[in-house]
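Open the structure in your viewer and have the selection tool ready.

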Amino acid sequence: MAEEKKGRALATKAAANIPKFVRGNLAATIKAKQEGKKVAYAYIADGQDEIMRAMDIVPAWGESFAGVCAAKRDAEKYLQKAESDNFSRSLCTYATCTIGFDMIREEMGVDVVPDAPWGGMARPDMILGSAQLLCDPRFKWPQATQHYLRDVPVFVGAMYYPPFDPKLNHHDQEKFYVKYCTEELRECVRFCEKHTGKKMDWDRLAEIVELSDKTWDIFIDAYELRKAIPTPMDTGDAMNTMVPLTFNLGTQEAYDFYKELYDELKEKIKKGEGVASPEKYRLIWAGGLPSWFALGDFQYFNSKGATFPVEVTYRGCEKIERLELPKTNDPLEHIAWRWVRYWTHWYDKARKRPGSLPKVERIIEYIEDYKCDGVVFHSAFSCRSWHAGIIHQAETLKKVYREIPILILEGDIVDISSYNEADTHNRIDAFIEAVDAYKQRMRR
Amino acid sequence: MVESKDLKGLAKVERYYNDYGVRTKELKANGKKIIGYVSALGPVEVLTAAGVVPFRLKGNVDEAITKGDAYMETIVCPFVRNVFDAAIKGRFDFMDGMVLPHLCDSLDRTSDVWRDYLNLPYFHFFNVPHVTDEPSIEFMKEILKLLISTLEDYTGNKITIDSLRQAILLHNENRRLMRSLYDLRKNNPPLISGTEMMKVLVAIMGIPVEESNELIKEIIEEVRSRKPSLDRQKKRIMLIGDQIDSVAITEAIEGSGAYLVMDDISIGSKMYYQDVDEEKEPILALAERYLRKLKIPTTFVDTGGTYQENLNARFGHMRKYIEEFDVDGVILLVYKYCDPYGFEVPAIKSYIEEIGVPVLYLEDEYSTSSLARMKTRIEAFLEMIA
Ligand code: SF4
Ligand code: SF4
């Protein structure tokens with residue numbers, strides 16, 4: 001996501017452009033203050049991006065800033081600051097990293113913190129959180145932040161989707177879930193109107209929502225080009241190229257970025273350029289946020305002839321037509337349907353294969369479509385959201401699909417103290433041997 | 001062996017605490033269905049109305065996790081891991097089903113694990129939202145109705161408005177009785193010790209509400225007739241935390257020379273200090289109680305006013321307890337990997353300290369393995385406030 005200390009060769013030009021994007025997003029928060037625009041602390045996958053864009057609210061993404069701090073190996077001072085006020089080291093380190101940063105900014109009494117990685121984030125005018133099935137910090141983090149930014153108003157909406165239950169038909173529940181999400185988005189609009197003093201321009205919102213749909217589509221079109229053998233782009237790059245989708249949804253730049261990526265990948269495929277040459281093993285990054293301070297590990301995989309043509313992480317969208325969204329003239333309801341269906345559209349498949357799970361169906365689909373020979377997860381200790389349940393997914397995959405080699409790496413997203421490079425590389429070596437043996441077995 | 005029915009009051013509590021689930025097993029043998037639950041989100045009224053026995057799961061702080069780690073990551077909160085470990089080892093074999101609430105990530109993200117490996121005849125993930133505005137109340141009503149329909153399908157019994165009302169009355173009575181028992185801790189010295197109270201809290205969470213009501217009446221009578229001791233010198237402590245359900249911690253506090261006089265924990269006052277409105281339509285009344293009245297860190301509260309107003313709305317009850325129970329010091333015990341509590345430690349701590357009451361914050365596992373270290377910290381704290 002950022003220019004990490006240990007250089008990692010980027011296979012695509014598009015990925016090489018990402019640091020500019022990330023820097024731009026951070027700088028925009030600071031520029032906004034000078035221009036009198038409102039800045040909101042925001043959190044990814046909350047469904048509020050388009051509302052902010054339509055109302056000219058500049059988002060300051062805590063997860064992005066914490067990722068930058070981690071990639072630059074400069075997070076420890078913030079983690080320690082948070083710890084000094086009794087935030088446990090076991091809590092989400094994206095959150096504690098930015099809270100530490102906030103504490104320091106408040107103590108300095110400034111809007112912009114000098115010597116913060118890439119200029120840091122500006123002091124926000126509001127905080128937009130969201131309760132959902134995604135994670136507790138999505139509503140606890142805004143609340144904990146307000147402890148230090150007491151005058152800054154906080155909104156926490158909700159964006160739930162029906163949980164998977166093999167015995168219940170989620171289609172029956174979708175309606176009341178979507179109704180709830182829509183109304184919560186409306187609450188969010190009201191909150192933003194109140195704190196910007198501006199009215200929502202609903203036509204503009206509708207246009208932005210349409211642009212987001214197109215961005216979801218072109219993202220998937222581009223990423224599906226990675227099915228090519230050898231793959232022209234792997235997860236190491238995707239941890240960068242996810243930035244526009246994740247942090248700039250609803251902007252023309254995001255759309256254009258994926259259009260360019262699409263063209264670039266087409267070109268690479270035409271020339272037969274792959275991430276690894278020769279490409280010996282194709283792996284799926286089946287879950288878990290990466291260690292931002294150790295993205296070089298993807299290159300280590302590449303050096304063994306292993307590539308990741310596909311990943312679950314940060315593939316936070318789907319081809320719109322596959323979601324079969326009901327028609328609506330209400331852009332908020334459309335956003336709600338889009339998110340609810342994003343999560344539930346693997347449910348029917350999972351129900352058909354006894355003992356399976358939607359998350360596992362998604363992995364199986366990718367293994368098949370992208371012709372993968374092995375599965376890698378990363379378990380980051382400070383985030384339960386993506387990382388609790390990985391053992392179960394791995395076991396279920398073996399049970400309902402096949403005995404494919406699986407590696408579960410352990411570490412953290414931000415906290416470098418959890419990481420040991422030599423151990424990680426040893427485990428990767430052993431895994432590659434297992435994948436090799438598996439491939440040979442499958443050939444027989 | 002003495003039958004449970006031959007015991008009364010605190011003697012019965014002792015039996016139920018030491019052999020947790022003993023009464024539930026008897027009920028099961030008599031043909032009752034047992035449904036487990038794990039947090040203050042219950043919802044016990046609905047289970048009672050369904051004609052099943054609500055049985056709250058607990059782990060064992062003296063027991064190491066030996067099987068659970070093969071299924072569940074160690075980054076999950078230690079309470080959840082410990083209870084799951086007990087469940088997978090067959091400790092709750094008498095259980096017919098479970099309602100797992102959406103309390104926190106540790107439960108939400110492991111709900112598939114509970115469902116798929118315990119393989120109970122009934123399992124439902126009760127998707128309680130974290131927000132409390134009007135749309136959330138409407139949503140909460142929907143998910144209560146969904147819970148009700150799954151229970152009806154499973155038991156074959158209809159849950160009627162009348163049966164819900166009946167259950168609400170019984171549980172409100174239960175809460176009223178428990179508050180009377182809590183009142184006996186207001187004395188100085190308190191008439192019932194923190195350790196005895198912990199045993200009561202655990203004992204009654206595994207039995208039907210009607211039996212619980214009878215038992216609490218007996219306990220109140222027994223405790224009221226006690227002659228208070230004359231030692232009024234000890235400091236009065238309140239314990240705050242989530243899933244604390246063992247006397248290990250109460251003994252550590254009281255063994256260090258203090259009275260544990262009040263709690264704000266999940267099996268304690270959080271269960272008993274807010275009633276369901278008996279006048280309102282039952283599903284709405286339940287939605288409001290669980291979403292708006294219950295004081296837990298997993299419901300987001302914002303008044304739209306100042307930060308101080310938000311703090312009052314979130315933690316005002318703690319200050320009220322401090323005043324009513326004449327508390328001298330607070331111990332805030334939070335488990336590692338608990339995001340909901342972990343993120344509010346600085347806010348709770350400063351909110352209480354602002355009124356001149358010191359707070360000892362302890363981060364721990366759900367295990368007695370670190371008890372010696374905790375005890376040292378508690379002793380130092382008591383010395384400091386002496
Ligand atoms: S998903 Fe994980 S890393 Fe992201 S905010 Fe939530 S707990 Fe933190
Ligand atoms: S202690 Fe925290 S993490 Fe554990 S069950 Fe309670 S709220 Fe969840």
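Start by colouring chain B in two parts: domain 1 (4-160) and domain 2 (164-385), with bounds that come from an automatic or database domain assignment. The C-alpha centres of these two domains of chain B lie 21 Å apart. This is a predicted model, where local features need pLDDT of at least 70 and side-chain atom pairs count only at pLDDT 80 or more, while totals for chains, interfaces and linings use all residues; side-chain values use heavy atoms, without hydrogens and water. Residues are numbered from 1 along each chain as its sequence is written, with chains lettered from A and ligands numbered from 1 in the order in which they are written.

Next, select where the two domains of chain B touch. Here 60 residues of domain 1 are in contact with 57 residues of domain 2 (contact means heavy atoms within 4.5 Å). Together the two domains bury about 5,000 Å², 67% of it on carbon and sulfur atoms; buried area is the accessible area (1.4 Å probe) that two parts lose on being put together, summed over both.

How many salt bridges are there between domain 1 and domain 2 of chain B? The count is five, where a salt bridge is a side-chain nitrogen of Lys or Arg within 4 Å of a carboxyl oxygen of Asp or Glu. Show the side chains of E218(B) and K8(B) too: they meet in a salt bridge of 3.8 Å, N to O. Now pick α7(B), which gives the most to the side of domain 1 that touches domain 2, with eight residues. Helices such as this one are DSSP runs (H or I, at least four residues), numbered from the N terminus.

Now bring chain A into view. The contact between the chains takes 61 residues from chain B and 60 residues from chain A, and the buried area is about 4,900 Å². Select R109(B), Y307(B) and F343(B): they supply 18% of the area that chain B buries against chain A, more than any other three residues. Two salt bridges cross this interface. Zoom in on D339(B) and R384(A), whose side chains meet in a salt bridge of 2.9 Å, N to O.

Last stop: ligand 1. Among the residues around ligand 1 are C92(A), Y94(A), R138(A), W141(A) and W386(A), each with a heavy atom within 4 Å of the ligand. Which helix gives the most to this shell? Select α7(A), with three residues.

Technical notes:
Helices (H or I, at least four residues) and strands (E, at least two) are DSSP runs, numbered from the N terminus.
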